[in-house]
Amino acid sequence: MDRSLVIDNCHLEPSTSYPFHVLATRYSTSGSSNITERGGYTLILTHAIGVHKETWEVTVRHLLGLCNTGRSPYRVKELYSIENPNHGESALLNADIIQARCKDSWSTMEYVHALEAFLSAGIHRGARVDFSKRKLVGIGHSIGAVSLILTQTLTTRIPWTSTIIIGVTFSPNANFPGMEERRNAMQRWVWLRRDTWLNKKHALKDLQASRIFDQWDSRVLRLYVEYALSDHPASKMSPPYFNGVVTSISREQEAAAYRTNYLYNGKSLQPFYRLCAEIPVHLIWGDRDEVVLASIKELLSKPNPETGSSPASVRYVRDAGHMLIQQRPEFIADYIHEILSSMHTVVAIL
């Protein structure tokens, strides 16, 4: 099979059922059209706060190189990286809507409803795909993982075959020890981070020297500079007063995303347990996570004390913090390949 990567963009326009533009990057190979709708998996990717839909690209390239070969027990038909509507390119398209509707607030449920709108749009809008006919695997990182879990609360159920939950972070209850300190630390980081540079070249050099971004894979960092930064608003004035670049998600919106109650009020725990009871849920953690408390990792990795339902597997990535996709993208692809291979083996045995 020709494994050359094919990348195209999908755009779901606002509607009466969902007011924001929803963008996704679709990844496939030039031979994917030969894979039937049920003959291969369709992977739905969601991202963390502060990044963008293209952040998955290094992982996607490596994964497709592993799976669409004669040696792999499964196939991937397509992957869709769906962007949180106040991030990346989506933030630019939705700027006026965000200002009118949200200002300095943003709920995790906005990402959940964006997933719902995109995956239920049908064959005439958005991706123009009937996802109900696909073998869907949800793969989410951080707030993107929480959003996958919270699809359990929707009236429209998304037919996940399984989910891979990476570095998920939420509080099991409103007063869980240590969570308030983590929330305050993230707020401070957002308000103190640099968000403006002379140009993308200067931004890359500055971020490479950062104590946080210098841990990222260099390819992922270059994608961040390319897709998470955009022209500074002052460049659009007449005359242009500053031709620099700025993060597409504003400080106000990023801080709001970290304040959302769904990270701290305990309302994500029961949907997580329900998901584990219904389908295979695979957890991946970083072994030195600076964001997710060790006590939360331990709790979510154990069986539900009331029902006994538990994750299908738990894996740790060595020498990785919370930003696993950005720090160890190919290692994550190896784990995803391992999980999908094991799922196919189980189905084949049954």
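Q: What should I know before I start?
A: The model is predicted, so local features need pLDDT of at least 70 and side-chain atom pairs pLDDT 80 or more, while totals for chains, interfaces and linings use all residues. Residues count from 1 along each chain as its sequence is written, and side-chain values use heavy atoms, leaving out hydrogens and water.

Q: In which sense do strand 10 and strand 11 pair?
A: Strands are DSSP E runs of at least two residues, helices H or I runs of at least four, numbered from the N terminus. Two strands pair if DSSP finds at least two bridges between them. Here strand 10 (residues 281–286) and strand 11 are parallel over 5 bridges, and Leu-283 has Val-314 in strand 11 as its bridge partner.

Q: Which residues touch the most other members of the largest nonpolar core?
A: A nonpolar core is a set of buried (under 20% relative accessible area, 1.4 Å probe, protein chains only) Ala, Val, Leu, Ile, Met, Phe, Trp, Tyr and Cys residues joined through side-chain atoms within 4.5 Å. Among the residues in question are Tyr-80, Phe-118 and Phe-131, in a core of 62. Helix 4 (residues 108–119) gives the most to this core, 8 residues.

Q: How do helix 4 and helix 5 cross?
A: Packed helices are described by the angle and distance between their axes. Axes are lines fitted to C-alpha atoms, for helices over the stretch in contact (heavy atoms within 4.5 Å), and angles run from 0 to 180 degrees between N-to-C directions. The axes of helix 4 and helix 5 (residues 143–150) come within 9 Å and cross at roughly 65°.

Note on methods. Buried < 20%, exposed > 50% of the residue type's maximum accessible area, 1.4 Å probe, protein only.
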